[in-house]
Amino acid sequence: MKRLPKRFLDRILTGLAKLALPLFILFMVSGPTWGQPAAPGAGFAARPGTVQVPNLVGQNREQVPRILDQARLHLGEAASVTSDQPRDTVVRQAPAAGQRVPAGTPVRIWVSTGPPQPNLVRVPNIIQSNAQQARQLLAHDRLRLGRVSGDQSMLSQGTIIRQAPTAGQQVRPDTAVDIWVSMGPVQVPNVVGINEPEARRILAGARLRLEVADQVQGPIERQVPAAGESAPMGSSVQVWRRPAGPTLVEVPPLIGRHLDEVTGILNPRNLGIGQVTRRQAQEPAGTIIEQNPAAGTQVQPRIKINLVVSIGAPPPLMEVPPLIGRHLNEAGSILNSKNLGIGQVTRRQAQEAEGTIIGQDPAAGTPAQPRMKVNLVVSTGQRVLPLDNKIPPNIPWLLITLTVSGVLGGTYVLYRIFKAPSATLAVRVVPGKVQPEITADSPSLADLEVRLRPVIDQGQQSITATGSLISEERKEHE
Amino acid sequence: MNDSPITLKDFFLFDTRNLAQDRLSDIEVSGEFVTLRNNLAQKTRGITWPLAFGDILQGIEEVLKVKLEDILVGAWKKTRELRKYRDPEKYPPTETVLLHLVEHTINSELHPALEVVVNDLAVEKIQLIIKLALNFNGIILKIKGGKIIEILPGSCKGTGNLSWGKFVLLEEQTKTFTLPQSIKLGEGIPI
């Protein structure tokens, strides 16, 4: 290598020395961040090796590491604080934005957890109040009235019948509470006797709905609720219709049939048995002797056919049997066997033994109606006196008369008590009482009062519910 | 609006004109009814009864005059949950408590009867049974001073029947209906 002359080296060094001062000044002016853009505000105060802290407040915490990295800083501790700023927003930093710090300095940040959680409030019970009262009640508890809807109820119009959230729930202040208010009751119009489309129109006018409960076609014959009653607005009126005309059926002949056969005859024709009356007739018992409607009549289905049924022929006329000479004890069984009875019994002293029948009325052989009474004269026997006694002249006739009267009266009373009444009672039922009307000839039955006595029972009750029976309790003070 | 209380007669829509005549006819020719009439004839010393069962049914109207509210309150006041409202210290008489009841069913069985009375002597009893199952929803009870004083309206549906022996005489199954009005219980019924 060729050596450079010493004079040439001195000239280079001298030139470099002359350049040193301007270069130093230029370095101080341009700053120490080689290859880096100059920080705003950086000027002559910037120190070599320091960086300016960027502003992080207002930034989302996820952006912070990137910003710090660009500023040749790194993230230090991140603390959480409540703030009115949105959640995860940086609300404070240290060192503060704009400070110059050595590169690599950790920057501490405080991140918002969102606005402070408000205290929850309890929803009051506003059922049965009106909307205006509810608005005041809700405002008192820092709540507000939400959506108002109508619903079916018999409570007066505008009364709150449901609320959401329900009473007792814990909610944030200013929560809206939706309410459902009663649309109030309406009076149910009459739709019986008219057809379904017209009934639907009438009910719609009354703000009610029609609900048909059957499948037949025809005019309405029954409605629930009945006309004139009150029903919740918007509720349904259930109706049942009777079949229209074309489906008439013919009543079959039943006279001469036995009652047991009738159900089998009527059921296939969609008819039923109505009132059954029993009457004595020549036909065998159980035989139909009359029917209403008559055979061949065209009737609506499900009509009931009223029937008169024979209970058999009346018993044949009897003749009064001969009883004279018989003992009174036999007379009862003899007469009963012929469906007759003992009438008035008169006792008379006679030659015949005591108890022997010495007279009868009607006489033997007389035609007798069933249950007729036969009056009898019975011997009391002949009084036998001791041979050595004579009838005292002072016979106590009064005592004898009273005794005989007592015996006869007692006999009659016993007869009244133990005789088998044969009268028929026609009983008419009125609520709570049956009043008898005596149709037979025996006045003794007039003493009888026959009635039906209702025995009312309140019954035993039990409740089935899932869980607690009570869902909510609300107190009202006077 | 009708203020008369709802009775079982209303529940069953009881009307003698609406009774199923074919059902009554079946009863009248049944052995049970013949036995009843024979018993009556024996006990009334041979009096012949021309009664048809339809006549007796008219007497049933009387035993159906049980107020529905009595049955309901009878069920509610037996529950343990309501007994605490008897306590006058916790629930003073100046305070009215509104109790909202959950949906529940009240089952009831009643044993009314019709006694045939001859000269004030009951000679025969026609024993009846009424069974009810009533489902309620939205009922609110108003309680004051240990008494149920008012029933506020809710909806109801239920089934019921009235029977004599093996014969079901009346039966009713309602759809859901709204109790027509609040039922005030006067001085209240003690719990």
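User: Hi! What is the mean pLDDT of chain B, and what share of its residues reach 70 or more?

Analyst: Hi! The mean for chain B is 81, with 83% of its residues at 70 or more; pLDDT is the predictor's per-residue confidence, from 0 to 100. This is a predicted model, where local features need pLDDT of at least 70 and side-chain atom pairs count only at 80 or more, while totals for chains, interfaces and linings use all residues. Residues are numbered from 1 along each chain as its sequence is written, and chains are lettered from A and ligands numbered from 1 in the order written.

User: New topic: how many residues are in the largest nonpolar core?

Analyst: There are 41, and Leu8(B), Leu72(B), Leu128(B) and Leu141(B) have the most contacts inside it. Helix α5 (residues 68-76) of chain B gives the largest share, six residues. A core here means buried Ala, Val, Leu, Ile, Met, Phe, Trp, Tyr and Cys residues joined through C-beta atoms within 7 Å.

User: What does Leu141(B) touch, beyond its neighbours within four places in sequence?

Analyst: Leu141(B) contacts Trp76(B), Leu99(B), Leu101(B), Ile148(B) and Ile151(B). A contact means C-beta atoms, placed from the backbone, within 7 Å.

User: Over to chain A. Is Val123(A) buried or exposed?

Analyst: Val123(A) is buried, because 21 other C-beta atoms lie within 10 Å. The cut-offs are 20 or more such atoms for buried, 12 or fewer for exposed, and partly exposed in between, with C-beta atoms placed from the backbone. Val123(A) sits in the loop between β6 (121-122) and α3 (131-140) of chain A, and its contacts beyond four places in sequence include Leu143(A), Pro165(A) and Val177(A).

User: What is the strand order in the open sheet of three strands in chain A?

Analyst: The order is β7-β10-β8 (chain A), with mixed pairing; two strands pair if DSSP finds at least two bridges between them.

User: Why is one side of β7 and of β8 left without a neighbour in the sheet?

Analyst: β7 (144-151) and β8 (160-164) of chain A are at the edges with a single partner strand each, so one side of each has no neighbour in the sheet.

User: How many bridges join β8(A) to β10?

Analyst: Four, and the two strands run antiparallel. Ile160(A) has Val181(A) in β10(A) as its bridge partner.

Terms used: Two residues are in contact if their C-beta atoms, placed from the backbone, lie within 7 Å.
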